[in-house]
Amino acid sequence: MYRYGTETTVRLINRRASAVGAAPVTAGVTVRRGTGAALLLMAPFFAVFALAVLAPIGYAIYLSQFAQRASGLGFGGLHSVWVGLDNYRRVLTDSTYTSSYLHVLLYAVVAVPLVLGLSVVIALALDSAYALGRRAAQLGLFVPHLVPGVIAALIWAYLYTPQVSPVVKALSSWHVHIEPLGPGFTYPSLINVVLWESLGYNIVIYYASLQAIPREMAEAAVVDGAGEWRTAWHIKLPLIRSAVALTAIFSAIGAMQLFAEPLLLSTAGSTGISQDWTPNLYAYTAAFTRNNDYGAAAAASIILAALAAGLSYVVTRFGKPWRQA
Amino acid sequence: MSLSRTEPAPSGAAAPTRARGRSGRRRIWTPSRAAVNTLLLVVSFYTFFPLVWTVFAGAKTAGAVQTGDVLSLRNFNIVGNLRLLWSFQDGIYGRWFLNSLLYAGVGAGVGALICVAAGYAFDKYEFPGKERLFGLVLLGVLVPSAATTLPLYLLAAKAGLVNTYFAVLIPSLVNPFGVYLARVFSAGYVPNETLEAGRIDGASELAMFVKLGLPMLRSGYTTILLFQFSAIWNGFFLALVMLTDQHLFPVSLGIYELNTSLSSEGPALLPVVMLGSVVAILPLVVIFVSLQRFWRAGLTAGSVK
């Protein structure tokens, strides 16, 4: 039986787990032949992987243990000093860094359920017998996913600007006054951009999951007298649980990595989004604007990478709901 | 209406699907039908309104956009905007666009091939430590690329590669998830018997990959390429940290920098930002619409149970 896109990561983890004991899918036919060829075929990937993933991480770990100190009386310029874990201590006790995690946490607590909940409802609607124009809707709703995040944020920043935006104008003519670029709208404005970008993507994934539910199941429910609504709620929804759980993980990890959207909104008005509002922005700012503090930038990046990898590993490895699905 | 099944997930047989079109018997507007379609209409409006607004804004004068006169039939300046887009700063926008094509085209074209080769090898060969090596690939999937971008910059700065095409191109080649997908595709699309037959005929292992494996993995390759292409085309963070020479910018970074400069330079180039955004979105939309079956396959792949 087939499952869907985002489940792949879990499947990878499962496969990895089973690989320790169990034989891989194709065992039996292939034997230990052509190991040389196998390594040759893998070489290009591992070469660029080592160059662009492993080496940078290793270098960042190294760099995170050094700090720039002025020498002697401050005349000889800066030089590197080994400081051990001091950069980590410095970053972790910097309230700006810790609050950047608080920001993404608060953001995720609202955004993830909102995006996923709406996507599920719309996917179920699209899958119901009532929906018209399914194919066009599915294709059309996917389009925002094809818009670069920074351009999506840019478009919305204009749509948030009072003099420019038809939305703000229309609302104020109905006596609803909003100020999307004001400090009171930090989270709604940001969440809206991400909602717009990711709604269609999630819908398409859920819709694909719904499409693969065996026909007999839904038909049996109808024979038993369940209407469309009850079928959707009691039969279909539980069956796409695993897809939903997985997109939830991806959305949560996406939240930790937020960068382009808050960066753009931070310059668009007085949104209350500072130059180091998310962990990624913090590391970026440390490296580029705060006296090239590479030690702190490296430490901040390493912490973020470890947290994100740890989170997704723990959730996919030990998480329950999707294991039996 | 019947919804054509898209590319079958790897390893054959399509899962049983509920037949579409059974609803054709009744076209009465019940409250349920009205509710469902109203919801879809509202969502479609939410999705398309910003896009339509941007298309209009790209066709209007700067003044019209600034005063909020976008969704009207006045103040169009399409030809002028297009001319400005291709000519300002000696045609730098065209350069950005070509750069994006280069980064995404070469990055995804070569990157997907690298993935397919590795995924095929993981699927078809057994050797000691294989699964441990695959675990390393999975680690690459789990560590978000955004978290390694800054370390990548620090390393590139040390190596003197900052501000070169390679600084963006080399990291773009890496796609651990693509290796995983390729392994799944290989398990589904390349029968082991074919390779056995090839071996009996005395073909070398590498020749079999090129002549047997690769052609069978064509659709898998296209799927991986498609997703990698869109990821690189939409990428921003990597280019932002690596590049300061605007002749090397991809289009997303170029538009961002241009938009940032408007606050100090004045709105003369505002139409360029708008029209430039529209033009920057177009290639992906065209590619995804024309290659639907492949990206749908990507979303439903990884599904061999």
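1. Helix 2 of chain A and helix 3 of chain B are oblique to each other. This is a predicted model, in which local features need pLDDT of at least 70 and side-chain atom pairs count only at pLDDT 80 or more, while totals for chains, interfaces and linings use all residues. The axes of helix 2 (residues 35-63) of chain A and helix 3 (residues 78-124) of chain B come within 8 Å and cross at roughly 135°. Axes are lines fitted to C-alpha atoms, for helices over the stretch in contact, with angles from 0 to 180 degrees between N-to-C directions. Angles under 35 degrees count as roughly parallel, over 145 as roughly antiparallel, 65 to 115 as roughly perpendicular and the rest as oblique. The crossing of helix 2 of chain A and helix 3 of chain B is left-handed (the near helix is turned anticlockwise from the far one by less than a right angle; clockwise is right-handed).

2. Chain A supplies Ala38(A), Leu41(A), Met42(A), Pro44(A), Phe45(A) and Val48(A) from helix 2 to this crossing. They meet Ile114(B), Cys115(B), Ala117(B), Ala118(B), Tyr120(B) and Ala121(B) in helix 3 of chain B. Contact requires C-beta atoms, placed from the backbone, within 7 Å. The contact of helix 2 of chain A with helix 3 of chain B has twelve nonpolar, no polar and no charged residues. Ala, Val, Leu, Ile, Met, Phe, Trp, Tyr, Cys and Pro count as nonpolar, Asp, Glu, Lys and Arg as charged, and the others, Gly among them, as polar.

3. Ala118(B) also deserves a look. Beyond its neighbours within four places in sequence, Ala118(B) is in contact with Leu41(A), Met42(A), Phe45(A), Val179(B) and Ala182(B). Ala118(B), Ala153(A) and Ala300(A) touch the most other members of the largest nonpolar core, which has 183 residues. Helix 3 of chain B gives the most to this core, with 16 residues. Such a core is a set of buried Ala, Val, Leu, Ile, Met, Phe, Trp, Tyr and Cys residues joined through C-beta atoms within 7 Å.

4. Now the whole interface. In total, 94 residues of chain B are in contact with 101 residues of chain A. Helix 1 (residues 31-58) of chain B gives the most to the chain B side, with 13 residues. That side has 60 nonpolar, 24 polar and ten charged residues.

5. Tyr59(A) lies in helix 2 of chain A. Tyr59(A) counts as partly exposed because it has 18 C-beta neighbours inside 10 Å (20 or more other C-beta atoms within 10 Å make a residue buried, 12 or fewer exposed, and values in between partly exposed). Leaving aside neighbours within four places in sequence, Tyr59(A) is in contact with Pro151(B), Leu154(B) and Leu155(B).

6. Chain A has 14 helices and two strands; chain B has 14 helices and zero strands. Helices (H or I, at least four residues) and strands (E, at least two) are DSSP runs, numbered from the N terminus. Buried residues make up 46% of the 325 residues in chain A and 48% of the 305 residues of chain B.

7. Within chain A, helix 9 (residues 215-223) and helix 10 (residues 228-239) have axes that come within 10 Å and cross at roughly 140°. The crossing of helix 9 and helix 10 of chain A is right-handed. Met217(A), Ala218(A), Ala221(A) and Val222(A) of helix 9 make the contact with Thr231(A), Ile235(A) and Lys236(A) of helix 10.

8. On numbering: residues are numbered from 1 along each chain as its sequence is written, and chains are lettered from A and ligands numbered from 1 in the order in which they are written.

Technical notes
Contact = placed C-beta atoms within 7 Å.
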